[in-house]
Amino acid sequence: MCRNVNGTQPDIQVHPTESGRNGITMNTRGLRSQLKDSVPVAGLCPQGAYGVQDSLRSGFTSVKNELLPSHPLELSEKNFMLNQDKMNFSSLRNIQGLHAPLKLQMEYRAARQIQRLPFLQSSNLALDTLRGNDESIGFEDILNDPTQSEMMGEPHMMVEYKLGLM
Amino acid sequence: MLHSAKPCEIQTGGFCFENTRRNAVLESSLSESGYKAPGARKTGTTIAGIVFKDGVILGADTRATDDMVVADKNCVKIHFIAPNIYCCGAGVAADADVTTQIMSSNVELHMLNTGRPALVTMVTRQLKQMLFRYQGQIGASLIVGGVDVTGPQLYSVYPHGSYDKLPFLTMGSGAAAAVSVFEDRFKPNMELEEAKQLVREAITAGIFCDLGSGSNVDLCVITEAGVEMLRGYDKPATKGKREGQYRYKPGTTAVLTKTVTPFPLVVVDESVQIMDTE
């Protein structure tokens, strides 16, 4: 069983201290905690039946493959949304003060809570509208659409994971 | 190879890097046995654009290559983005196609949202932001040209995300040949016919001097009045017609000796397979 290095829902905190309005210090530590700067580490024991490496499901093996990202874009694509948000929030913070990103993050957190059950695909309409993704088309809408995925997570396992019972 | 090993992760759309490891392993084992992994189909192109008195002319050749083989003799390299903006694409064919389609959809959404006609700078900006995000892995070099409220404009965007704004531009493998024609004969504020001839000559130079470009010349003339797509404007590379008969008459060569050796063949088995000649 493999897990992400960082847990379930990320916690967004903005650092409480701040400099004066004409201070230049940028405070970007708020979203640092949720930046996933690693690839999920597959567990140390193989995943197939009887502990033997399941080549059909997880492909060819090599220790290096499991620890390092294999494609130059893998990490940057994984963190892309987070980095964008981080940049936007910190510049908003510098322009308009603390209340602006706080309010927006509150709205984001509220929108993120509107979800179906863990193993079902939610439309994330509110979140998309807040982010502005409803007005543009990118590769995340064309390729690898989660609603068309052939695999569904095992319902019991996913609910337990979500509730933190696992 | 799907997400069976990571059932608890929220699945997002977009690029999936699961197969890169498998591909790396396969490529290394293939190269040990001396085989080459299949490559992406590139357009191996000459594309060019020019700003003339009333607007913009875009030109392109029509050959698509797969390494050293011509994959498509008459492909379209001038893509629609908005009614007043067109884009020529060079580089990997699929990347250029999909990128221009995504841009076209984004432009349409943007026009619906703002209620205004599209600007060429908007297309260029979205293109370069997207290409920079993917760090050149999307191998599409594009020339974006159009006429909007600020006038006729021409931009070139490179696969890593840089762009240039110039009165004449060429890209692709035949860019050097085409730009030499432009450098020699370009004048600002040319007339329509003169500009069309110049672009045709530039693309023809690319077709003859570059192995990756060939077949016909396509032109696209964009003015404030509208767009004129001239597909197959010039076909410099068609086979010529043979003027005379080049076969020798039977008996031209004298026969000196003749030996006949009969092969005794025995019919072992006979089977008839009817061909479908409909």
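# Two chains, question by question

Trainee: Among contacts in chain A between residues at least 6 apart in sequence, what percentage join residues at least 24 apart?
Mentor: Good place to start, and keep in mind that this is a predicted model. Take the contacts of chain A whose partners lie at least 6 apart in sequence, then pick out those that join residues at least 24 apart. Their share is 65%.

Trainee: What percentage of the residues of chain A count as buried?
Mentor: The accessible surface of this chain comes to about 11700 Å², with 56% of that area belonging to carbon and sulfur atoms. The chain has 166 residues, and the share that counts as buried is 20%.

Trainee: Over in chain B, which element gives the most to the largest nonpolar core?
Mentor: That core has 26 residues, and B:Ile81, B:Val107 and B:Val123 are among those with the most contacts inside it. Strands 5, 6, 7 and 8 and helices 2 and 3 of chain B each supply at least two of its residues. With six residues, the element that gives the most is helix 3 of chain B.

Trainee: Which residues does B:Ile81 touch, not counting those up to four places away in sequence?
Mentor: B:Ile81 is one of the residues with the most contacts inside the largest core. Beyond those sequence neighbours, its partners are B:Tyr86, B:Cys87, B:Thr100, B:Met103, B:Ser104, B:Val107 and B:Val123.

Trainee: How many residues are in the second, separate core?
Mentor: Its members include B:Ala48, B:Ala202, B:Val217 and B:Leu219. The count for this core is 22 residues.

Trainee: Is B:His79 buried or exposed?
Mentor: B:His79 sits in strand 5 of chain B. Leaving aside neighbours within four places in sequence, B:His79 is in contact with B:Tyr86, B:Cys87, B:Gly89, B:Asp97 and B:Thr100. Because the cut-off for burial is under 20% relative accessible area and B:His79 has 14% relative accessibility, this residue counts as buried.

Trainee: Which element supplies the largest share of the lining of the second largest pocket?
Mentor: This pocket has a volume of about 410 Å³. Of its 15 lining residues, the closest to the centre are A:His71, B:Phe15, B:Asp95, B:Gln137 and B:Ile138. By type, the lining divides into ten nonpolar, four polar and one charged. The largest share, four residues, comes from helix 2 of chain B.

Methods: Residues numbered from 1 in each chain as written. Chains lettered and ligands numbered in written order. Predicted model: local features only at pLDDT ≥ 70, side-chain atom pairs only at ≥ 80, totals over all residues. Heavy atoms only, no water. Core = buried A, V, L, I, M, F, W, Y, C linked by side-chain atoms within 4.5 Å. Buried < 20%, exposed > 50% of the residue type's maximum accessible area, 1.4 Å probe, protein only. Contact = heavy atoms within 4.5 Å. 1 Å grid on protein atoms, 1.4 Å probe; cavity = no way out; pocket = protein on both sides within 12 Å on 5 of 7 lines; lining within 4 Å. Points joined across faces, edges and corners; volume = space filled by probe spheres on them. Nonpolar A, V, L, I, M, F, W, Y, C, P; charged D, E, K, R; others polar. Areas by Shrake-Rupley, 256 points an atom, 1.4 Å probe, with all protein chains shown as cover.
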